[in-house]
Amino acid sequence: MDTVVYPARLIRTMDPAVPTAEAVAVRGDRIRAVGTVEELMEYPHARLDRRYEDAVLLPGFVEAHSHAGTGTVWQDVYVGMLDRTDPEGRFWPGCTTVDEVLDRLCRAADELPDAETPLLGWGLDPLHLGGAPLAAAELDQVSDVRPIHVMHANAHLCAVNSATMRRFGIDSGTDVPGVITDDRGEPTGVLQEFEAMALVGELLEGRGPLTIDATALRRFGQAAVNTGTTTLTDLGTTRLMDDDGVALYRDVVDESYPARLSVFHFGAGVGDPSRPLPEAAARLGELAGTNTDRLRFGHAKLMLDGSIQSFTARLMEPGYYGDQPNGMWNVTAEEYYEAFAAFHRAGALIHVHCNGDEATELFLDTLEAVLTEHPRPDHRHTCTHSQMTTPSQYRRMAALGACANVFANHIWAWGDQHLDITLGPDRARRMNAAATAIASGVPISLHSDSPVTPLGPLATVKHAATRLTMSGRVMGQRERISVQQGLEAMTVGAAHMLKMDHEVGAIRPGMYADFAVLEQDPLDVPPEDLGDVPVRGTVVGGAHHAAAGDSHL
Ligand SMILES: [Zn+2]
């Protein structure tokens with residue numbers, strides 16, 4: 001077999017022993033050697049390939065918290081405030097006022113075949129629209145006959161119109177937590193968290209952000225290529241307990257799929273808990289036995305609280321800035337303990353959604369109790385989002401051997417709202433405390449939670465390094481990390497918390513030949529410009545993939 005030698009303008013390896021190199025040699029799907037062209041051409045059957053001669057190569061980025069729904073959401077109408085680009089490279093400008101949201105929904109409704117077809121939107125965030133309400137009263141201006149369902153950006157809330165409430169019998173007699181009512185006790189059309197949203201779930205007919213099909217998985221893969229990402233996660237699926245769901249992943253994520261995909265089973269808080277936990281855990285173990293180099297099963301995701309920007313995250317003292325009531329749990333502490341213990345005993349890796357510090361506290365209490373009963377070395381259980389984790393919680397996390405996946409994109413996407421509305425300036429500047437985590441010895445990564453915020457590891461590093469909000473304020477200068485630390489978090493750090501760091505996340509001999517192909521050196525641009533570094537594409541297991549709209553490869 002040939003050894004292909006790729007010279008590059010620069011290679012940043014994320015391997016501390018040899019941090020930079022001029023060339024990398026690839027044999028089959030693995031890295032054979034790193035060094036000078038002269039050295040590498042001495043290997044048996046060496047052959048030179050100059051296609052990356054003027055590019056900068058990094059290890060392919062690893063996104064440890066994303067959702068395959070990244071490929072699903074674009075079939076619905078985007079009404080978020082951020083400008084976004086879909087996986088095919090189409091630009092969607094943000095909606096900055098309620099009128100713009102309603103106008104875009106009206107235009108989309110005109111395209112639908114008849115008056116019964118539901119109109120589905122996504123990406124909404126009322127806080128981004130100055131806190132203006134957007135519920136049934138507003139959506140009825142688009143139509144009070146056609147069912148309308150608009151998912152919030154955080155996927156923890158949705159807004160529906162009167163026609164939708166009529167269809168599903170939601171009225172003043174509906175006694176379900178999370179169905180928001182007005183002063184007169186009438187539902188407003190805002191549904192908070194998963195139990196309430198499930199009331200209208202049928203409307204999505206397999207189109208919500210947790211729903212996937214082959215097209216969505218392919219689009220998700222293309223989004224990876226566009227952003228230099230070579231390992232993705234689907235962090236929470238309800239499809240692994242049925243054979244059709246597993247077959248879908250297997251059919252699409254084959255040897256030609258342009259990324260590795262680690263699929264986590266939603267073990268509590270979302271989905272149908274009808275299958276007994278020990279059986280679900282055993283099935284994950286069986287599925288892990290069928291893993292391929294591209295497709296990984298065997299891990300579990302547990303959902304604890306809601307989101308900070310919708311006031312559904314669970315906070316410890318002193319609570320929300322405006323003394324708003326504390327948030328919501330998606331599971332009881334007992335259900336959570338049972339699920340955690342079952343998956344832990346079965347050997348699964350567990351990532352737990354914790355936005356508020358009270359959720360982090362429950363994560364740590366549960367982890368300590370489970371480890372006391374059932375010690376397991378090197379478990380790498382992960383607190384994901386970890387937005388409000390305090391210094392004392394980080395010290396405890398280190399002592400318990402846990403990892404933190406920090407939601408750096410939040411600093412930019414909702415930082416202004418956290419400073420002014422949800423947490424106030426004092427605690428906002430302590431949020432997503434990557435520097436404290438590193439200083440405490442906790443292994444970290446950074447994430448996008450795509451489609452909640454755009455997939456794009458370089459932009460994610462920018463947010464952790466600059467801590468700039470959308471309006472340009474610095475939110476907590478002391479929690480900035482260096483660009484090098486950010487790049488390590490998005491490569492070897494994320495690979496570590498997926499238990500893949502012996503295979504991906506660094507350019508060194510024996511690892512998979514997974515590279516991000518960049519136009520510029522990320523350490524040679526101002527940190528605030530990192531998100532604009534052009535990505536030509538990726539290499540996955542030695543195979544070349546071009547970003548949408550890129551003709552270089
Ligand atoms: Zn998520």
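Colleague: Let's start with H9. How many residues does helix H9 have, and how far does it reach?
Modeller: This is a predicted model, and in it helix H9 covers residues 333-345, which is 13 residues. From its first C-alpha to its last it reaches 18 Å, close to the 18 Å expected at 1.5 Å a residue.

Colleague: Which residues in H9 are buried?
Modeller: Tyr336, Ala339, Phe340, Ala342, Phe343 and His344 are buried in H9.

Colleague: Which residue with a positive phi follows H9?
Modeller: That is Gly347, with a phi near 90°.

Colleague: OK, on to S17. Why is S17 said to be largely enclosed?
Modeller: Because nine of the nine residues of S17 are buried, the strand is largely enclosed by the rest of the structure.

Colleague: How do S16 and S17 run, parallel or antiparallel, and how many bridges join them?
Modeller: S16 and S17 run parallel, joined by six bridges. Ser262 has Arg296 in S17 as its bridge partner, and Leu261 stands opposite Leu295 in S17.

Colleague: How many bridges do S17 and S18 pair over?
Modeller: Four bridges, again in the parallel sense. Within that pairing, Ala300 stands opposite Ile350 in S18. The chain gets from S17 to S18 through H9, and this β-α-β crossover is right-handed.

Colleague: What order do the strands take in the open sheet?
Modeller: The open sheet has eight strands with parallel pairing, in the order S6-S15-S16-S17-S18-S19-S20-S21. Strand S6 (61-62) and strand S21 (444-446) are the edge strands, each pairing on one side only.

Colleague: Which of its residues are buried in H10?
Modeller: The buried residues of H10 are Asp357, Glu358, Ala359, Thr360, Leu362, Phe363, Leu364, Thr366, Leu367 and Val370. Their cover includes H9 and S18, along with strand S19 (382-385) and helix H11 (391-399).

Colleague: Changing topic: how does the domain assignment divide the protein chain?
Modeller: The assignment gives domain 1 (3-60 + 515-523 + 530-546), domain 2 (73-204) and domain 3 (214-502).

Colleague: What separates the centres of domain 1 and domain 3?
Modeller: Taken over C-alpha atoms, the centres of domain 1 and domain 3 are separated by 30 Å. Their contact takes 17 residues from domain 1 and 21 residues from domain 3.

Colleague: Which elements give two or more residues to the side of domain 1 that touches domain 3?
Modeller: Those are strand S5 (56-59), strand S22 (515-518) and strand S23 (535-540). S23 gives the most to that side of domain 1, with four residues. The residues on the side of domain 1 that touches domain 3 divide into 11 nonpolar, six polar and no charged.

Colleague: Now Met81. Where does Met81 lie?
Modeller: Met81 is in the loop between strand S7 (77-78) and strand S8 (84-85).

Colleague: Does that leave Met81 buried or exposed?
Modeller: Met81 has 22 C-beta neighbours inside 10 Å, so it counts as buried. The cut-off for that is 20 or more.

Colleague: Which residues does Met81 touch, leaving out those up to four places away in sequence?
Modeller: Met81 touches Gly94, Cys95, Thr96, Asp125, His128 and Leu129. As for Asp171, Met81 is 90 residues from it in sequence and 30 Å from it in space, C-alpha to C-alpha.

Colleague: Last one, S14. How many residues of S14 are buried?
Modeller: Five of the six residues of strand S14 (residues 187-192) are buried, so the strand is mostly covered.

Colleague: Which strands pair with S14?
Modeller: Strand S12 (residues 157-160) pairs with S14 in the antiparallel sense over three bridges, and there Cys158 stands opposite Leu191. Strand S13 (residues 179-181) also pairs with S14 in the antiparallel sense, over two bridges, with Thr181 opposite Pro187.

Colleague: What do S13 and S14 form?
Modeller: They form a hairpin with five residues between them, and Gly185 in the turn has a positive phi of about 85°.

Technical notes. Residues are numbered from 1 along each chain as its sequence is written. This is a predicted model: local features need pLDDT of at least 70, side-chain atom pairs count only at pLDDT 80 or more; totals for chains, interfaces and linings use all residues. The expected span of a helix is 1.5 Å times one less than its number of residues. A residue is buried if 20 or more other C-beta atoms lie within 10 Å of its own, exposed if 12 or fewer, and partly exposed in between; C-beta atoms are placed from the backbone. Two strands pair if DSSP finds at least two bridges between them. A crossover is right-handed if, with the strands pointing away from the viewer, the path from the first strand over the helix to the second runs clockwise. Two residues are in contact if their C-beta atoms, placed from the backbone, lie within 7 Å. Domain bounds come from an automatic or database domain assignment. Ala, Val, Leu, Ile, Met, Phe, Trp, Tyr, Cys and Pro count as nonpolar, Asp, Glu, Lys and Arg as charged, and the others, Gly among them, as polar.
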